[in-house]
Amino acid sequence: MLIFADSFDYYTNIGSKWIAGNGGIDLSGAQSRTGPGCMLIPGGIGSTGPYKAFPAVGEIIVGGAVYPDGVCLPFSFTNIAGAGLYIENIQIGVQGDMSVGWFRGVPGGYSLIGQSAPNVCVQNAYNYIEARVLFSTTNTGTVEIRVNGLTVFAVTGVKTTGVYVGTAFCDAVRLGGGGGVIVTRHDDFYILDPSAPPNDSFLGPVRIYACLPWQDSAPLDWTPSVAGPHFPLVNSIPPDLTKWVESNTVGQQDLYRHDTSAIPPTIQVLGVQHNLLGALDAPGTRGIASVVDGIVGPITAALSTSPAQYLTEYDVDPVTGVAWTLPLITSPRVFGPAVTV
């Protein structure tokens with residue numbers, strides 16, 4: 001089951017989608033793997049990049065394209081609830097010999113437990129690194145690491161929580177960087193809960209694309225900030241907060257067709273994440289949800305006066321219950337927001 005995905009291709013305010021840490025998004029197209037954007041983690045910060053929190057899972061799969069200029073710490077699996085003083089859990093890192101290894105949390109940091117053979121990663125190039133961890137406070141956990149789709153390290157029967165972590169779960173993943181002046185790039189990032197199909201195993205070295213609205217559909221109930229078409233008010237890269245559509249009426253929807261022209265036509269679509277950027281214009285109570293072809297999604301987001309991205313993941317087409325295809329996303333499916341509360 002898809003928990004989270006990011007292409008880093010359409011926004012610059014990290015705090016609107018992540019819990020902000022050290023890092024920034026480059027939309028120049030000069031440093032990305034897919035599309036115009038990627039996350040840049042500055043040197044000297046280790047694992048203190050931005051992180052994504054989610055409901056706790058006992059097993060997790062994380063994947064992302066990582067561009068190491070040298071030693072770096074791409075992913076940290078942390079426990080931000082119930083861990084007490086120490087939240088260090090498990091970390092995946094690239095070593096100086098371009099091996100990848102896993103670390104357990106110890107007081108004040110991490111300790112390397114195991115690693116792959118040297119040179120499974122390439123320096124100064126994107127490597128797609130994936131890790132699957134079954135969390136255990138005893139010696140029943142597992143760790144598997146893949147690079148560019150191939151397993152390079154696996155171990156079973158190990159403790160996979162930090163030294164002082166007494167709960168066998170993960171509820172946040174943090175992006176990391178390197179030491180010194182190294183800048184680490186991240187792109188095409190995903191998080192899965194493997195307990196529920198269809199996305200219950202490694203996705204492989206995927207590419208993640210951002211698709212923006214390009215045409216109005218129906219219903220078109222919301223009020224535009226400027227009279228005329230609605231879609232140009234919600235498809236700026238990065239988002240232009242001087243333009244918007246708005247509604248204060250429960251049940252109203254605003255739906256658009258989305259542009260998939262930048263995606264190779266033969267691609268297999270493994271999942272869709274619908275992102276809504278929203279905020280209140282004054283203190284109050286209002287909630288919105290994702291809509292696909294009139295079907296209101298399962299998650300209602302309670303808005304605040306600070307703009308934030310509200311995400312809904314669809315492993316399958318919610319209309320038919322079967323796998324997505326690219327032509328289906330282009331047409332007839334239409335996506336947008338609905339006022340639910």
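The lining of the second largest pocket is made of 16 nonpolar, three polar and four charged residues. Here Ala, Val, Leu, Ile, Met, Phe, Trp, Tyr, Cys and Pro count as nonpolar, Asp, Glu, Lys and Arg as charged, and the others, Gly among them, as polar. The volume of this second largest pocket is about 490 Å³. Of its 23 lining residues, Ile3, Pro55, Ile299, Leu311 and Glu313 are the closest to the centre. A pocket is defined on a 1 Å grid over the protein atoms alone, as an open set of points with protein on both sides within 12 Å along at least five of seven lines; a cavity is a set of points where a 1.4 Å probe fits but cannot get out, and lining residues have an atom within 4 Å of a point. Grid points are joined across faces, edges and corners, and the volume is the space filled by probe spheres set on the points. Strands β1 (2–6), β4 (51–57), β20 (287–292) and β23 (308–314) each give at least two residues to the lining of the second largest pocket.

The model is predicted: local features need pLDDT of at least 70, side-chain atom pairs count only at pLDDT 80 or more, and totals for chains, interfaces and linings use all residues. Residues are numbered from 1 along each chain as its sequence is written, and side-chain values use heavy atoms, with hydrogens and water left out.

Now the whole chain. It has one helix and 24 strands. Helices (H or I, at least four residues) and strands (E, at least two) are DSSP runs, numbered from the N terminus. The radius of gyration is 20 Å, close to the 20 Å that the globule rule gives for 341 residues, so the chain is as compact as a globular protein of that length. That radius is taken over C-alpha atoms, and the rule is 2.2 Å times the number of residues to the power 0.38. Along the principal axes, the C-alpha atoms fill a box of roughly 60 × 40 × 40 Å. Of the 341 residues, 50% count as buried. Buried means under 20% relative accessible area, exposed over 50%, and partly exposed in between (1.4 Å probe, protein chains only). Among contacts (heavy atoms within 4.5 Å) between residues at least 6 apart in sequence, 66% join residues at least 24 apart.

Strand β6 comes next. Seven of the seven residues of β6 (residues 72–78) are buried, so this strand is largely enclosed by the rest of the structure. Two strands pair if DSSP finds at least two bridges between them. β6 pairs with β7 in the antiparallel sense over four bridges, and Phe75 stands opposite Ile92 in β7. β6 also pairs with β13 (residues 170–175), antiparallel, over four bridges. There, Thr78 stands opposite Ala172.

Some backbone geometry deserves a look. Met98 has a phi near 65°, a positive value in a residue other than glycine. It sits in the loop between β7 (90–94) and β8 (100–106). Met98 is buried, at 5% relative accessible area. Asp188 also has a positive phi, near 50°, and is not glycine. Asp188 lies in strand β14 and is buried, with 0% relative accessibility. Leaving out residues up to four places away in sequence, Asp188 touches residues including Asp6, Arg33, Tyr128 and Arg207. Its C-alpha atom is 17 Å from that of Asp315, which is 127 residues away along the chain.

Two peptide bonds are cis. One joins Pro197 and Pro198, with omega about 5°. Pro198 is in the loop between β14 (184–192) and β15 (213–220). The other runs from Ile237 to Pro238, with omega near -10°. Pro238 is in the loop between β16 (223–224) and β17 (245–246).

Last, Ala154. This residue lies in strand β12 (residues 150–158). Ala154 is exposed, at 55% relative accessibility. Ala154 touches Val143 and Glu144, not counting residues up to four places away in sequence. Ala154 and Val133 are 21 residues apart in sequence, and their C-alpha atoms are 9.9 Å apart in space.
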